[in-house]
Structure formats: structure tokens, C-alpha cells
Amino acid sequence: MESKPRLLVICGPTATGKSDLAVWLAKKFNGEIISADSRQVYRSLDIGSGKITQEEMSGIPHHLLDIADPKDIFSVDKFKALAQKAIANIVSRNKLPIICGGTGFYIHYVIDDVSVVEVAQNESLRAELSTKTPAELFSILKTLDPDRAENIDAQNPVRLTRAIEIATTLGKVPPISTNSPYNMLQIGVNLPDEELKTKIKTRLEKRLSGGMIEEVQRLVAGGLSWQRLNAFGLEYRYVASFLKKEISESEMKEKLLSEIWHYAKRQRTWFKKDKRIQWFSPSEKEKMEASIKFFFEELNS
């Protein structure tokens, strides 16, 4: 058993307090944190992505933040390679690697060592799909690969098109495996619907008053295209639409609350498929700590 490296995963839907919890656990178990967020890998996407600040890190090293230019495409295979390298590095220093995030697709590829198969662009298929609305693309993907559809931005035509392209070529996303290369414990963090909706609203208001609109303006001034902002989804898409005067400020807030909630539900559905995850409320820190201690004691026995 102990021939495999130890790994702790903190996952669950957005706005459940995963980042703060990971820092707390890292202090308890001599850990370092690997971010598993598809937007936080990009430099300058800070407020809109909810990137943890230096102060919030409390001295705990964090990996895979600010490692990519927002003008470039960062893929799951890049994430997998860098995350597994970070895990090995952390383990070599006798510390506990803690993966923390809500991008289930990224986490799955790392913890189950899913092989990344290169799929070439299908230009004829892309031309056909370019005439479709995001809703139509999402419907196509749900038919081809319902599992992938559960963990994708349903309003992002770039990602939807690529997912359809891959599903058309390869079939479905590789299923959840139980043969991880790690001695792994997954902690899922969740909240009741109404409480989660309240936290999403409070967090959004904090981001809007904390400079999120100005952040998007800086990105545009720095040469990032409106199309690229749209591809980042959620906050970046709707703030961009507001800045282009396509929607009002109240419409922006309304759409964001709705879309973030739908995204949280898709995240929850994705993670609930993995029966290895132990679920807790974010307030149940002592129960989580006890569960982790028990898991490590079992490995030592």
C-alpha cells in the first residue's frame, strides 16, 4: 500500500469554501496545495476566478496558479503533467500533496492517471458546428457524452465544440477508475441548495465591489480579445457583455447568479458519480480531520 504516494483531494461545487479548508488541512497535515481550477492557471485572472490571495494562503505553498498566459490555451494534458510533477516534488520533501478545486475533469485525469489521446481538429465538423447556438451544441454533447456535459461550461461554444469533436472521434470520457496510482482520500464539500445560493450571491457581490469589472477592463486594455474573455465563461463572459453594452448591469448580475448556480449543480453531479468521495459540510472540519487521520492510520497498519 505505502508504495503509492499519499494524496488528499478537496473537491466539490463552487462557493463551498474549499480553498480556506485546504489551507486549514495543509497546516494540520504538513501539506502543500495544488490548485485544480481551469481558470486560475492563467495570470491576471484573479478576482473573477476567485484566486486565493497571498494573505489567504497563510504561508502554505500553492502550485499551478498563474502558470499560463491568458492568450494561450491551457489543456487538460498540460494540467495532468504539471500536477503529477508537483505531486512527486511535494512527496519527495516528505510533505502531503493536497489537490484542491472544482474542475472535476482536471482532477479525474490526475488522480486516475487517465491517458490523454490527441484528437486532431475536424474542420468540416467545426464548420458545421459553427452555425449552432451554445444551447444546440450543449444538446449535441449531452447526446454524445452526457458525462462530459455534466462538467462543462454550457455557454462556451469553444469548449463545447472541442468536446463534441473529441466525443465524435473517441467516444465518451474515460470512466471513473478505482485503480489510482495514489493512496488517495477524496473529501467532498457541499451545502444545501439555499445556503449555497446565498453564498454564491454574497461572493458575487464581493467580487463586483472588489474590482472584477476593472480587472476585465485591464485584460482588454492588455490585448485580450472579447472572444477569449467569452471563452473563460461565467464572470468574464458576462462582465465583457456588460462592458460592450450588450446587457445592463442588472442583467449581468441576474445572468451571473443563474449561470453560476447551474454550474455548481453540474459540478455537484459530476463529483457525486465518484463513490470514493467522502462528503462533508464545510463546517465539519473536525470530522474531516478525524477521517483523514483514520485513513492514514489504516495505511500504516
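Modeller: Please bear in mind that the model is predicted. We may begin with Lys-51 and its surroundings.

Biologist: Which residue joins its side chain to that of Lys-51 in a polar contact of 2.4 Å?

Modeller: Leaving aside residues up to four places away in sequence, Lys-51 touches Gln-40, Tyr-42, Arg-43, Ser-44, Leu-45, Asp-46, Glu-56, Leu-65 and Asp-66. A polar atom of the Lys-51 side chain lies 2.8 Å from the backbone oxygen of Tyr-42. The side-chain partner at 2.4 Å is Asp-66.

Biologist: Is Lys-51 buried or exposed?

Modeller: Lys-51 is placed in the loop between β2 (31-35) and α2 (54-57). Its relative accessibility is 9%, and the cut-off for burial is under 20%. Lys-51 therefore counts as buried.

Biologist: How many residues of strand β5 (residues 183-189) are buried?

Modeller: On one side of β5, Asn-183, Leu-185, Ile-187 and Val-189 are buried, and on the other Met-184, Gln-186 and Gly-188 are buried. The strand is largely enclosed by the rest of the structure because the buried residues number seven of the seven.

Biologist: Which residue in β6 does Ile-187 stand opposite?

Modeller: Strand β5 pairs in the parallel sense with β1 (residues 6-11) over six bridges, and there Ile-187 is the bridge partner of Ile-10. Three bridges also join β5 to β6 (residues 278-280), again running parallel. In β6, Ile-187 stands opposite Gln-278.

Biologist: What is the relative accessible area of Tyr-109?

Modeller: Tyr-109 is found in helix α4 (residues 104-111). Tyr-109 is buried, with a relative accessible area of 9%.

Notes
Residues are numbered from 1 along each chain as its sequence is written. This is a predicted model: local features need pLDDT of at least 70, side-chain atom pairs count only at pLDDT 80 or more; totals for chains, interfaces and linings use all residues. Side-chain values use heavy atoms; hydrogens and water are left out. Buried means under 20% relative accessible area, exposed over 50%, partly exposed in between (1.4 Å probe, protein chains only). Helices (H or I, at least four residues) and strands (E, at least two) are DSSP runs, numbered from the N terminus. Two strands pair if DSSP finds at least two bridges between them. A polar contact is a pair of N or O atoms within 3.5 Å; within protein, one must be able to donate a hydrogen and the other to accept it, and residues adjacent in sequence count only if both atoms are side-chain atoms. Contact means heavy atoms within 4.5 Å.
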